[in-house]
Structure formats: C-alpha cells, structure tokens
Amino acid sequence: MRDVLRAVAGPVICAVVVTGLLAAWAGTGGGGTLTRVRLQVTEAAVPMRAFTPQAAAAVPTAATFLTIQNLSGTPDELVAARSPLARRVVLRQPGPAAGGPLVIPAHGTLTLTPLGDDLVLQQPSPYETRATVPLTLTFRHSGTVTIDAPVTGPGTP
C-alpha cells in the first residue's frame, strides 16, 4: 500500500503545483481574455505627402487615417503598428496619456486622424506612386491585422 501511495504522490503533487501556477498566471492577466474580440478596419488611407516626388521627399513623416470598429463586448487596445515602407511607425495621442496604447471601446470605434489619436509613418520610403501602403496593426487581445491602406491625395482621407 505504501508503494502505491508513493507512486501516486509525485504526479498528484506535480498536478497541484502546475494548476496553482496556471491559476496565478491567468489571475495576473497572463492568460489573456476569454472573450473573443472582433475588430474591423472600416476606413484606411495614407495621403500623399505632396504632389511631386521632390516635395514629398522633404517631408519626414506621413499621416494616416484609420477607423477601427470593435464588434465585441470587450475593449481592446492598439499597441503597435509597422509598415515595410517606414523606418518607424508611431502611435500618438494628444494630452497626458500620450505614448500609450490606443483604446477601442467595447462596441465602439477608434478613429485615427492627424488631428487626434494618430498613427504616423516616420521616414517613409517614397510611396506616392503606389496604390496602397501595407500596415500591420498589433492589438492587445486581437493579435495582428495587416491591411493595405489606399494612397490618397495630400490631406485627404
């Protein structure tokens, strides 16, 4: 009987420890969200920096216009973005929360424009003759989404 108890004790103790560690991980947010967050990009545009290549080359940043709808009851956050056509992509927001993630409320919309919350391409390669600019958006709960944002006339969404 003692041999059976000894044989069972190891796996039981291991299972209890692993269960405790998983519970602690999930309790601190490491387990992520249990609700599936569904997002939809309903508008996307990257305006040309200027009408001529020479004038565009003198402008070190490019603005974007994006509208992201959250179709779920769980908020999400846009935490990063990248594009193969930009050295760096920066999320900006006005006010004291500048530099943090951009929140997409549950059943709500996040609108990015140069006049508010914004996504800026820094030192982009010339893109004005292209039809689209690829953007990869990274969300806290929804993962990554890659879109092709149409190139529009200067200053237009």
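## A buried salt-bridge pair

Glu 128 is buried, and Arg 49 is buried too (buried: under 20% relative accessible area; exposed: over 50%; partly exposed: in between; 1.4 Å probe, protein chains only). The two form a salt bridge, with the closest N and O atoms 2.8 Å apart (a side-chain nitrogen of Lys or Arg within 4 Å of a carboxyl oxygen of Asp or Glu). Glu 128 sits in the loop between β8 (118–124) and β9, and Arg 49 in the loop between β1 (39–47) and α2 (53–57), so the pair ties together parts 79 residues apart in sequence. Helices (H or I, at least four residues) and strands (E, at least two) are DSSP runs, numbered from the N terminus.

This is a predicted model: local features need pLDDT of at least 70, side-chain atom pairs count only at pLDDT 80 or more, and totals for chains, interfaces and linings use all residues. Residues are numbered from 1 along each chain as its sequence is written, and side-chain values use heavy atoms, leaving out hydrogens and water.

## Other salt bridges

The structure holds three salt bridges. One of them joins Arg 140 and Glu 77 at 2.5 Å, N to O. It links distant parts of the chain: Arg 140 is in the loop between β9 and β10, Glu 77 in strand β4, 63 residues apart. Arg 140 is partly exposed at 48% relative accessibility. Glu 77 is partly exposed at 22%.

Asp 118 pairs with Arg 92 in a salt bridge, closest N and O atoms 3.1 Å apart. Asp 118 lies in strand β8 and Arg 92 in strand β5 (residues 86–92), 26 residues apart. Asp 118 is buried at 2% relative accessible area; Arg 92 is partly exposed at 44%.

## The sheet

Seven strands form an open, mixed sheet in the order β6-β4-β9-β10-β1-β3-β7. Strands pair if DSSP finds at least two bridges between them. The edge strands are β6 and β7 (109–112), each pairing on one side only.

β4 (residues 76–82) runs antiparallel to β6 (residues 102–104) over three bridges. Glu 77 has Val 103 of β6 as its bridge partner. Four bridges join β4 to antiparallel β9 (residues 132–139), where Ala 80 stands opposite Thr 138.

## Asp 76

Asp 76 lies in strand β4. Asp 76 is buried without a salt bridge; the nearest side chain of opposite charge, Arg 140, is 6.0 Å away. Lys and Arg count as positive, Asp and Glu as negative; His and the chain ends are not counted. The Asp 76 side chain reaches the backbone nitrogen of Arg 140 at 3.3 Å.

Terms used:
A polar contact is a pair of N or O atoms within 3.5 Å; within protein, one must be able to donate a hydrogen and the other to accept it, and residues adjacent in sequence count only if both atoms are side-chain atoms.
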